[in-house]
Amino acid sequence: MNDIIPPGFEKRVSNRGLVLRDWAPQLWILAHSSVGGFLTHCGWSSIIEALMYGRALILFFWGNSDQGLNARLLHGKKVGLEIERNEVDGSFTSDLVAATIRRVMVEPEGEVLRANAQAMREIFGNKELSNNYLNEFTRFIEEFSPSACHC
């Protein structure tokens with residue numbers, strides 16, 4: 001496979017960026033104070049991790065799974081912005097990706113998205129709250145009796 005990174009790119013960004021060619025330590029990156037937003041494929045785990053640190057979302061999903069539903073939910077809740085696509089075939093352009101990142105991270109339109117994502121830290125970043133929900137869910141599953149269900 002040919003290298004898709006242009007010659008000299010890594011050297012040009014070495015003092016202000018990082019190029020990873022393999023697995024990236026996502027939580028470590030999201031936790032860094034210089035990160036303001038997150039371009040996500042809209043998987044629920046990645047969304048939770050980003051909102052745990054109050055990162056505004058650039059919603060970039062593909063496929064026919066729950067990712068499209070997640071993207072629309074978060075777009076509607078104004079914690080992220082969905083990348084626009086061609087309504088007929090779902091295609092997109094690099095210009096649309098760049099414009100969406102700019103809208104979220106730089107433009108006045110993104111201020112509400114960034115503020116709402118920061119507010120989500122109170123929920124998604126609260127480990128005690130998360131543990132309580134998990135404990136309640138586990139207790140429910142353990143005590144659930146299928147015979148009591150009149151479904």
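Me: Which residues of H3 and H6 meet?
Reply: In this model, which is a predicted one, Ile48, Leu51 and Met52 of H3 come into contact with Ala117, Met120, Arg121 and Phe124 of H6. Sorted by class, the contact of H3 with H6 has six nonpolar residues, no polar ones and one charged.

Me: And at what angle do H3 and H6 pack?
Reply: Helix H3, which covers residues 44-52, packs with H6 at an angle of about 105 degrees, and their axes are 7 Å apart. Angles of 65 to 115 degrees count as roughly perpendicular, so H3 is roughly perpendicular to H6.

Me: OK, what about H5 and H6, how do they pack?
Reply: Helix H5, residues 94-105, and helix H6, residues 109-124, have axes 6 Å apart and pack at an angle of about 70 degrees, and therefore H5 and H6 are roughly perpendicular to each other as well.

Me: Which residues make that contact?
Reply: On the H5 side the contact is made by Arg103, Val104 and Met105, while H6 brings Glu109, Gly110, Leu113 and Arg114. By class, the contact of H5 with H6 divides into three nonpolar residues, one polar and three charged.

Me: Switching topic, is Thr100 buried or exposed?
Reply: Thr100, which is placed in helix H5, has a relative accessible area of 2% and is therefore buried, as buried means under 20%. Leaving aside residues up to four places away in sequence, Thr100 touches Ile58, Leu81, Glu82, Ile83 and Glu84.

Me: How far is Thr100 from Leu59?
Reply: From C-alpha to C-alpha, Thr100 and Leu59 are 9.0 Å apart in space, and in sequence they are 41 residues apart.

Me: You mentioned Glu82 among the contacts of Thr100. Where does Glu82 lie, and what does it touch?
Reply: Glu82 lies in strand S3, residues 80-82, and it counts as buried because its relative accessibility is 15%. Not counting residues up to four places away in sequence, Glu82 touches Leu59, Phe61, Ala71, Arg72, His75 and Thr100.

Me: How do the lining residues divide by class?
Reply: The lining of the largest pocket divides into nine nonpolar residues, four polar and no charged.

Conventions: Residues numbered from 1 in each chain as written. Predicted model: local features only at pLDDT ≥ 70, side-chain atom pairs only at ≥ 80, totals over all residues. Heavy atoms only, no water. Axes fitted to C-alpha atoms, helices over the stretch in contact; angles between N-to-C directions. Helix = DSSP H or I, 4+ residues; strand = E, 2+ residues; numbered from the N terminus. Parallel < 35°, antiparallel > 145°, perpendicular 65-115°, else oblique. Contact = heavy atoms within 4.5 Å. Nonpolar A, V, L, I, M, F, W, Y, C, P; charged D, E, K, R; others polar. Buried < 20%, exposed > 50% of the residue type's maximum accessible area, 1.4 Å probe, protein only.
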